[in-house]
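Hi,

Here is the structure I promised to pass on. Have a look at it first, and then read my notes below.

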Amino acid sequence: MDQRLTLITLGVRDLARARAFYEQALGWKPGNVSEGVAFYELGGFALSLYGLNDLAEDAQIGVPGTGFGGIALAINMHTREDVDRTLAEVVAAGAKLLKPAQEAFWGGYSGYFADPDGYPWEVAWNPGFPLDADGRLIHV
């Protein structure tokens, strides 16, 4: 199997609300949008927003409960200050702060927020994960 990731799909309870958060509050630009789904280009792969029940049906699994789903998404930043700025921006845009930015045991600096559907996003500066000028990981 090829070692790559091309798409992350989040099952959302209310697609219009989720799109408003990512597009209006965070300023993300949608790519392909069809009835019931929206895609966002993320520099080599994409994020998809899809109805929670529709996603569960498509995967032939039950709709998950309200607890932690065992996954977190991450956005790595160039500096510690970028982490603080980004967390402040997303919270002002309606995200819930889960963990304020702080020194991490692994030598970096990070905090967490939740989007309107509760998906946790880590915002981190990691000296071991250098980024290019476009914010893409150089190596891990």
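Predicted model: local features only at pLDDT ≥ 70, side-chain atom pairs only at ≥ 80, totals over all residues.

**The core**

The largest nonpolar core has 22 residues, and those touching the most other members are Leu10, Tyr22, Leu47, Leu49, Val83, Phe113 and Trp121. Two or more residues come from each of β1 (7-12), α1 (15-25), β3 (37-41), β4 (46-51), α3 (80-92), β7 (109-114) and β8 (120-125). Helix α1 gives the largest share, four residues. As general background, nonpolar side chains in soluble globular proteins tend to be buried together.

Beyond its neighbours within four places in sequence, Leu49 is in contact with Leu10, Val12, Leu15, Ala18, Arg19, Tyr22, Gly36, Val37, Ala38 and Tyr40.

Val90 is another one to look at, in helix α3. Val90 counts as buried because its relative accessibility is 6%, under the 20% cut-off. Not counting residues up to four places away in sequence, Val90 touches Phe21, Leu26, Ala95 and Phe113.

Glu122 lies in strand β8. Setting aside neighbours within four places in sequence, the residues in contact with Glu122 are Leu73, Ala74, Ile75, Trp106, Ser110, Gly111 and Tyr112.

**Salt bridges**

The count comes to seven salt bridges. Three residues, Arg13, Arg17 and Asp117, are linked in a network.

- Arg13 pairs with Asp117, with the closest N and O atoms 3.6 Å apart. Arg13 sits in the loop between β1 and α1 and Asp117 in the loop between β7 and β8, so this pair ties together parts 104 residues apart in sequence.
- Arg17 also forms a salt bridge with Asp117, at 3.1 Å between the closest N and O atoms. Arg17 is in helix α1, so here the parts tied together are 100 residues apart in sequence.

Elsewhere, Arg80 and Glu103 meet in a salt bridge of 2.5 Å, N to O. Arg80 belongs to helix α3 and Glu103 to strand β6 (residues 96-103), so the pair ties together parts 23 residues apart in sequence. Arg80 is partly exposed at 29%, and Glu103 is exposed at 53%.

Best wishes

Key: Residues numbered from 1 in each chain as written. Heavy atoms only, no water. Core = buried A, V, L, I, M, F, W, Y, C linked by side-chain atoms within 4.5 Å. Buried < 20%, exposed > 50% of the residue type's maximum accessible area, 1.4 Å probe, protein only. Contact = heavy atoms within 4.5 Å. Salt bridge = Lys/Arg side-chain N within 4 Å of Asp/Glu carboxyl O.
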